[in-house]
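Here is a short tour of how the inside of this protein is packed. Have the model open beside you and follow along.

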Amino acid sequence: MGGKIISIIGTGGTIASKYDPNIGGHVSAASAEDMVKAVPELSEIAEIRIVNHSNINSSRIDTPTVFSLRETLRKELADDRVAGAVVTHGTATLEETAYLMDLTLGNEKPVVITGAQRNFDEKDADGPRNLLYAVKVAAHPEAYGRGVLVAIAGEIHTAIDATKIHTQSLNCFSSRDGGPIGMVTGYENGVVFFSSSDRRLHLEIDQIKENVQLITMVQGADDLLLRACIREKTDGIVIEGVGGGNYNLPFYQAVCDALDTGIIVVTGVRHRAGAPHPGKGYPGSFASLVERGAISIGYLSGIKARILLMVALAYTQDPEELKKIFKKAGGI
């Protein structure tokens, strides 16, 4: 590998979880060193540098801990000998961490995030192979310039589109409006890329607007949660509508009130694929929401739109600039 280094940064998750008899269940306990020792083949790919960033299951990880991962990555990638980095992470919120890093990191060296569905101490754990494959991707020359990637179960996904689709299956990630952008196999040079994303953004910020809420519209829902957001003066609201991005009348009226108070509202769909579209004309339709000042998320999921709004609001408060940012990331 010409003396190049791949940094492996541990953050915890199922991939690092061991059974704790004191609590009667599994908890993040294995260090990054433990995980690397379980995969001796890594030394055949690159020299490995180990960093322990945190050790917590991702359902419990907070935004400051995730955002500080950016500085850990920047420090590692600043070393000319480091070709790329792999982050081990819990799968529960892996897609959010991946996109936050993609938006804010500002480095073209490969960063690959991976995790596992089975605990570290299970005899058929999937973490070791996922780690091996992630290092293969990070060390591959064609990974450069593709942004933060997610590599799990032999598939490679972009940070902007990767989403967890199953709670137990080993093949637990997919891309929202398309398939993986690449694959990994156990064969020599077994990394192949099919495509790349043209919707990447970098926004240089030194903080995040954390108080952005995500609300899903359901049949017969009232405006309780939206009114709470208005009362508490949240920084922004992301709403997943039904159909083509439509709301009922209580939701629509509450969104109008939120916009009138200066709260940024970003609107999309609750479905696993597709973008909102102006097919209806009644109050509460997607067309009426955009006319009132709501911003379309395009092909982003609600989860990714929330991450983007948290970052974008720290970058600019200008509604027109925010619309441009979401148009780039959303694709339409």
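In this predicted model, the largest nonpolar core is made up of 52 residues. Those with the most contacts inside that core are L73, V266, L300, L308 and F326. Helix α8, residues 302–315, supplies the largest share of the core, with 8 residues. Apart from this core lies another one, of 31 residues, which includes A16, V86, I156 and F193.

**A closer look at F326**

- Leaving aside residues up to four places away in sequence, F326 touches V266, I295, S296, I297, L300, A305, L308, L309 and G331.
- Among these partners, V266, L300 and L308 are, like F326, listed with the most contacts inside the largest core.

**Helix α2 against helix α3**

- Helix α2 covers residues 63–77 and helix α3 covers residues 94–104; their axes come within 10 Å and cross at roughly 55°.
- The crossing of α2 past α3 is right-handed.
- On the α2 side, V66, F67, L69, R70, L73 and R74 take part in the contact, and they meet T97, L100, M101 and T104 of α3.
- Sorted by class, the residues of this contact are 6 nonpolar, 2 polar and 2 charged.
- L73, one of the α2 residues in this contact, is also one of those with the most contacts inside the largest core.

**Helix α3 against helix α8**

- The axes of α3 and α8 also come within 10 Å, and they cross at roughly 40°.
- Here too the crossing is right-handed, with α3 passing α8.
- From α3, E95, E96, Y99, L100, L103 and T104 meet I303, K304, R306, I307, L308 and V311 of α8.
- This contact has 7 nonpolar, 1 polar and 4 charged residues.
- L308 of α8 belongs to this contact, and F326 touches L308 as well.

**Helix α3 between its two partners**

- L100 and T104 of α3 take part in the contact with α2 and also in the contact with α8.
- How many residues of α3 are buried? The count is 10 of its 11, and the helix is mostly covered.
- The buried residues are L94, E95, T97, A98, Y99, L100, M101, D102, L103 and T104.
- Charged residues are among them, namely E95 and D102.
- After α3 comes G106, which has a positive phi, near 75°.

How values were computed:
Residues numbered from 1 in each chain as written. Predicted model: local features only at pLDDT ≥ 70, side-chain atom pairs only at ≥ 80, totals over all residues. Heavy atoms only, no water. Core = buried A, V, L, I, M, F, W, Y, C linked by side-chain atoms within 4.5 Å. Buried < 20%, exposed > 50% of the residue type's maximum accessible area, 1.4 Å probe, protein only. Helix = DSSP H or I, 4+ residues; strand = E, 2+ residues; numbered from the N terminus. Contact = heavy atoms within 4.5 Å. Axes fitted to C-alpha atoms, helices over the stretch in contact; angles between N-to-C directions. Left-handed = near helix turned anticlockwise from the far one by under 90°.
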